[in-house]
Amino acid sequence: MARAHGDARALKTDRAGFVWDPRLALHVYRDDHPLKPRRLIGVHDTLDRLGAFARPNAVLLAPRDATIAELERVHSPEYIRAVEEASADPEGDHSRWGFSAHHDTPPFAGMHEASLLTTGATLVGLEEVMAGRLRVSFNGAGGLHHAMRSRASGFCIYNDPAIACGLLADRGLKVAYVDIDAHHGDGVQAAFYDTDQVLTISLHETGRALFPGTGFADERGTGKGAGYSVNVALAPYTDDHAYVNAFDAVVPPLIARFEPDVLVTQQGIDSHFSDPLTHLQVSTHGREHIVRTFRGFDLPWVAMGGGGYDLDAVARDWSMEYLIMLGADIPAELHDSDPPAWTGDERDAIDVATDVAVRDALAAAFR
Ligand SMILES: [Zn+2]
């Protein structure tokens, strides 16, 4: 694929980084909270058992803490101070900043420190990729795409994908951000709504059925950014066939048209059919196609996790996705054995709804 800065940036390495430190998986939002960072232990241990980290092009990367200056690329100083205070005093009232003990984003002791490490885990991967030492990095702890400039939202405290995109844009790079979490990537969209330097594409279950209630095709950006926020709002119960059709109709053509220097992906797996929080019906088979497509773009690639609340599906799917990043074969045990697929009238209804979502998204996109 042609790219803005030509062949000089052609990838010289096939190495794939996996950012890992058990500390990324230790924090607990609340005992009954659906986001369980310990799910990453299942991913790491599955890959370890399969010998993934012994492969010659596999690289285990240690995370570092993000700096305050890096957080401030996206977040206000007042918000960062509020997170520090909530982290030290989780029993206090921090509702003004989006925290609430009994709702989506509870304050918890050590939250600021855990979030610095989660964010820095994305940034060490970014640095290795941009230095040309990795083709791709994957931080399963990251992808916290709902956090806003001055507000926590939807389990997300610091928006590591937006910080990554912003730091890449600050280097003068054209950034393509593709978000395949079941929820709209609203925080990343908001951070770059008025610029054409970061193209955000989000495929998600429609905001009519799912949090955060946004992500319609007419949210297309403003000013120079008009057309550079792209939203594909999918019907509940969208299965692999329809999801892959939507992805193929929107993402590769827009990536080719935009000619980015770097790819940033948020790979939440709460679109999986067994996920308890959403209604999409994607399986590991659909995801294999999509992640292989990401790899085929042949761009420097900074990848993150995101949502994912069925821990078995998370372990299998993200293990598969890292093996794709390595160029390794996929063992059958990682795949869903019986993925859902609509037939008859339901097939027609899902396909019609998908065609409308694709048509609206493309009509609103930049030319
Ligand atoms: Zn999600």
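What is the accessible surface of the protein, and what share of it belongs to carbon and sulfur atoms? The accessible surface comes to about 13,700 Å², and 51% of it belongs to carbon and sulfur atoms. Such areas come from the Shrake-Rupley method with a 1.4 Å probe, and for residues only the protein chains shown count as cover.

The views show a predicted model, in which local features need pLDDT of at least 70, side-chain atom pairs count only at pLDDT 80 or more, and totals for chains, interfaces and linings use all residues. Residues are numbered from 1 along each chain as its sequence is written, and side-chain values use heavy atoms, with hydrogens and water left out.

**Figure 1. The protein as a whole.** The protein has 10 helices and eight strands; helices (H or I, at least four residues) and strands (E, at least two) are DSSP runs, numbered from the N terminus. Its C-alpha trace spans about 55 × 45 × 45 Å along the principal axes. For 367 residues, a compact globule would have a radius of gyration near 21 Å, and the 19 Å of the protein agrees with this. The radius of gyration is taken over C-alpha atoms, and the globule rule is 2.2 Å times the number of residues to the power 0.38. Buried residues make up 61% of the 367 residues, where buried means under 20% relative accessible area, exposed means over 50%, and partly exposed lies in between (1.4 Å probe, protein chains only). Of the contacts with a separation of 6 or more, 78% are between residues 24 or more positions apart; contact means heavy atoms within 4.5 Å. The mean positions of the 32 positive and 53 negative charges are 6 Å apart. Lys and Arg count as positive and Asp and Glu as negative, while His and the chain ends are not counted; each charge is placed at NZ of Lys, CZ of Arg, CG of Asp or CD of Glu.

Figure 2. Asp181 (OD), His183 (ND1) and Asp270 (OD) are the protein donors of the zinc ion and lie 1.9 to 2.1 Å from it. Donors are N, O and S atoms within 2.8 Å of the metal (3.2 Å for Na, K and Ca); water is not among the atoms, so sites may look incomplete. Along the chain, the donors follow the spacing D-x1-H-x86-D. Asp181 and His183 are both buried.

**Figure 3. Gly307 and its contacts.** Gly307 lies in the loop between β8 (301–304) and α9. With 4% relative accessibility, Gly307 counts as buried. Apart from residues up to four places away in sequence, Gly307 touches Arg39, Asp181, Gln266, Gly268, Ile269, Asp270 and Trp318. Among these residues, Asp181 and Asp270 are also donors of the zinc ion.

**Figure 4. The surroundings of Trp20.** Trp20 has its place in the loop between β1 (16–19) and α1 (39–49). Trp20 counts as buried because its relative accessibility is 15%. Beyond its neighbours within four places in sequence, Trp20 is in contact with residues including Leu40, His44, Leu61 and Pro63. Trp20 and Leu61 are 41 residues apart in sequence, while their C-alpha atoms are 6.0 Å apart in space.

**Figure 5. The surroundings of Leu134.** Leu134 is in the loop between α4 (111–130) and β3. Its relative accessibility is 2%, and therefore Leu134 counts as buried. Not counting residues up to four places away in sequence, Leu134 touches several residues, among them Thr13, Arg15, Val59 and Leu61. Leu61 is also in contact with Trp20.

Figure 6. Phe211 and Pro212 are joined by a cis peptide bond with omega of about 0°, and Pro212 lies in the loop between β5 (198–205) and β6 (229–234). Phe155 is not a glycine, yet it has a positive phi of about 75°. Phe155 is found in the loop between β3 (136–139) and α5 (160–170) and is buried, with a relative accessible area of 8%. Glu259, also not a glycine, has a positive phi of about 55°. Glu259 belongs to the loop between α7 (240–258) and β7 (262–266) and is partly exposed, with a relative accessible area of 29%.
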